[in-house]
Amino acid sequence: SWVVAATNDLSDRSNVNAMPAFLANRFVHIPIEYDADVFLEYAHSRGLWPMISSFVKYRPDAGCRPPKSSAEYAYPTPRSLEKLSRIIGEGEFKAQVERCRVHSPLVIGVATANELNAFVRLSSELDVMAMLERPKSAKVSKEPSVRYSLIGAIHACVKRNPKKLVEPALELSRKFTDAKGVLEKEYPYMLMRSMLGDAQLVKTLVASSGFKALYDEYSTANVL
């Protein structure tokens with residue numbers, strides 16, 4: 001039989017004591033490091049608030065920032081970000097934004113919470129539902145931070161009414177063009193990957209004509 005154990009590293013400032021050499025020698029030690037892409041896959045599969053996923057996609061290091069001292073209790077980790085997502089919960093997007101503003105400093109620390117809330121405001125100040133109602137006439141900022149934020153907001157809004165909003169969301173994702181009007185495919189791809197991992201949306205998404213069209217394009221380009 002095997003004994004499997006897990007612990008934090010001494011450098012993590014997590015009340016860890018050094019393992020005696022004779023005991024350490026009895027184990028095979030496998031270091032595990034934070035990987036933003038792995039966390040994002042997990043976040044999508046667990047239905048975390050899409051704004052958190054988009055934020056980590058935009059700022060990968062924000063998904064895991066060890067405390068600077070042992071007196072620091074609130075800081076971002078995959079665990080605390082999932083906890084924050086549960087606190088934010090479901091409901092109207094504006095209500096979620098407000099719950100994020102109030103609770104995030106207590107869960108992930110003031111510094112990262114300020115970054116997250118500033119990121120969220122980039123899209124919360126837009127009328128995302130109006131954009132989804134008229135996707136063909138919607139105008140999308142060229143600023144990358146706004147675009148990443150908007151992808152999360154679109155996903156968050158679609159979750160409330162997938163049957164009505166999946167097709168408009170995919171249509172809206174085609175508005176993420178460059179200065180020459182050429183579609184920047186990373187954005188619709190990001191939205192599709194995010195929604196594909198969402199159990200609430202995946203059936204409606206894959207049955208939509210917009211998904212099939214985009215999937216064919218990405219398959220041809222070897223993106224998916």
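Guide: A contact here means heavy atoms within 4.5 Å. Among the contacts in the chain between residues at least 6 apart in sequence, 64% join residues at least 24 apart.

Visitor: What kind of model is this, and how are its residues numbered?
Guide: The model is predicted, with local features needing pLDDT of at least 70 and side-chain atom pairs counting only at pLDDT 80 or more, while totals for chains, interfaces and linings use all residues. Residues are numbered from 1 along each chain as its sequence is written, and side-chain values use heavy atoms, with hydrogens and water left out.

Visitor: Why is Ser 173 called buried?
Guide: A residue is buried under 20% relative accessible area, exposed over 50% and partly exposed in between, with a 1.4 Å probe and protein chains only. Ser 173, which is found in helix H9, has 0% relative accessibility and therefore counts as buried. Leaving aside neighbours within four places in sequence, Ser 173 is in contact with Leu 183, Pro 188, Leu 191 and Leu 214. Across the chain, buried residues make up 40% of the 224 residues.

Visitor: What makes Thr 177 buried, given that this residue lies in a loop?
Guide: Thr 177 is in the loop between helix H9 (162-173) and helix H10 (186-196), and its relative accessibility is 16%, so this residue counts as buried. Not counting residues up to four places away in sequence, Thr 177 touches Lys 142, Arg 147, Val 182, Leu 183 and Glu 184.

Visitor: And why is Arg 59 put in the class it has?
Guide: Arg 59 is found in the loop between H3 and H4, and because its relative accessibility is 32%, Arg 59 counts as partly exposed. Beyond residues up to four places away in sequence, Arg 59 touches Arg 65 and Glu 115.

Visitor: Which residues of helix H4 are buried, and what covers them?
Guide: In H4 (residues 78-88), the buried residues are Ser 80, Leu 81, Glu 82, Leu 84, Ser 85 and Ile 88. Their cover includes helix H2 (36-46), helix H3 (50-58), helix H5 (93-108) and helix H6 (110-124). After H4 comes Gly 89, whose phi is positive, near 65°.

Visitor: How do you know how H3 is directed relative to H8?
Guide: Axes are lines fitted to C-alpha atoms, for helices over the stretch in contact, and angles run from 0 to 180 degrees between N-to-C directions. H3 and H8 pack at about 155°, with their axes 8 Å apart. Angles under 35 degrees count as roughly parallel, over 145 as roughly antiparallel, 65 to 115 as roughly perpendicular and the rest as oblique, and H3 is therefore roughly antiparallel to H8. The contact of H3 with H8 divides into 8 nonpolar, 5 polar and 1 charged residues, where Ala, Val, Leu, Ile, Met, Phe, Trp, Tyr, Cys and Pro count as nonpolar, Asp, Glu, Lys and Arg as charged, and the others, Gly among them, as polar.

Visitor: What describes the packing of H8 with H10?
Guide: Helix H8 (residues 144-158) and H10 pack at an angle of about 35°, and their axes are 10 Å apart. By class, this contact of H8 with H10 has 9 nonpolar, 2 polar and 2 charged residues. The H8 residues that meet H10 include Tyr 148, Ile 151 and Ile 154, and among their H10 counterparts are Tyr 187, Met 190 and Leu 191.

Terms used: Helices (H or I, at least four residues) and strands (E, at least two) are DSSP runs, numbered from the N terminus.
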